[in-house]
Amino acid sequence: MNRGCVSLGNVQCGGCHRIVAHSERYLIIEEDDTTLILCVDCSLNKGYAHYKEDKGERILTFFSEGVGGEV
Ligand SMILES: [Zn+2]
């Protein structure tokens, strides 16, 4: 299952391998016994997240696996 989190500055993206900056959001994807961490850019590139326009603001939304809901 996927979870959206906020970095404390000690998280590395599994896609582009950069450190996710403090207070930046990232996605945790848990599959069986593997855990993949993706930064916002990688989540967007891989289709795990999207921006939603709401009252003129762009809000980042992560997709949660299976149910098609939002985290
Ligand atoms: Zn990344």
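This is a predicted model: local features need pLDDT of at least 70, side-chain atom pairs count only at pLDDT 80 or more; totals for chains, interfaces and linings use all residues.
Colleague: Why is β2 called a strand?
Modeller: β2 covers 11–12. A strand needs a run of at least two E residues, so β2 qualifies.

Colleague: How do you know that β4 and β5 pair?
Modeller: Pairing asks for at least two bridges found by DSSP between two strands. Strand β4 (residues 25–31) has 6 bridges to β5, so they pair, and they run antiparallel. As one example, I28 has I37 of β5 as its bridge partner.

Colleague: Which sheet do they belong to?
Modeller: An open sheet of 3 strands, ordered β1-β4-β5, with antiparallel pairing. β1 (2–6) and β5 (34–39) have a single partner strand each, so they stand at the edges and one side of each lacks a neighbour in the sheet. Neighbouring strands here are turned by 25° against each other on average, direction ignored. The axes behind that angle are lines fitted to C-alpha atoms, for helices over the stretch in contact; angles run from 0 to 180 degrees between N-to-C directions.

Colleague: What makes β6 and β7 a pair?
Modeller: Again, the bridges. Strand β6 (residues 49–54) and strand β7 (residues 57–62) are joined by 6 bridges and run antiparallel. A49 stands opposite F62 in β7, and K52 stands opposite I59.

Colleague: Why is H17 called exposed?
Modeller: H17 has 9 C-beta neighbours inside 10 Å, so it counts as exposed. H17 is in the loop between β2 and β3 (19–20). Its phi is positive, about 65°, although H17 is not a glycine.

Colleague: Is S23 buried or exposed?
Modeller: S23 has 9 C-beta neighbours inside 10 Å, so it is exposed. S23 sits in the loop between β3 and β4. Its phi is about 75°, positive although S23 is not a glycine.

Colleague: What makes V40 buried?
Modeller: V40, found in helix α1, has 20 C-beta neighbours inside 10 Å, so it counts as buried. Contact means C-beta atoms, placed from the backbone, within 7 Å. Leaving aside neighbours within four places in sequence, V40 is in contact with E24, R25, Y26, A49 and L60. V40 and G4 are 36 residues apart in sequence and 9.7 Å apart, C-alpha to C-alpha.

Colleague: How do you know that C42 is buried?
Modeller: C42 has 21 other C-beta atoms within 10 Å, so it is buried. C42 is also found in helix α1. Not counting residues up to four places away in sequence, C42 touches C13, G15 and C16. C42 and Y26 are 16 residues apart along the chain, with their C-alpha atoms separated by 9.2 Å.

Colleague: What makes a set of residues a nonpolar core, and which residues form the largest one?
Modeller: Members must be buried Ala, Val, Leu, Ile, Met, Phe, Trp, Tyr or Cys residues joined through C-beta atoms within 7 Å. The largest such core has 11 residues in all: C13, V20, Y26, L27, L38, C39, V40, C42, Y48, A49 and F62.

Colleague: How much of the protein is buried?
Modeller: Buried residues make up 18% of the 71 residues.

Conventions
Residues are numbered from 1 along each chain as its sequence is written. Helices (H or I, at least four residues) and strands (E, at least two) are DSSP runs, numbered from the N terminus. A residue is buried if 20 or more other C-beta atoms lie within 10 Å of its own, exposed if 12 or fewer, and partly exposed in between; C-beta atoms are placed from the backbone. Two residues are in contact if their C-beta atoms, placed from the backbone, lie within 7 Å.
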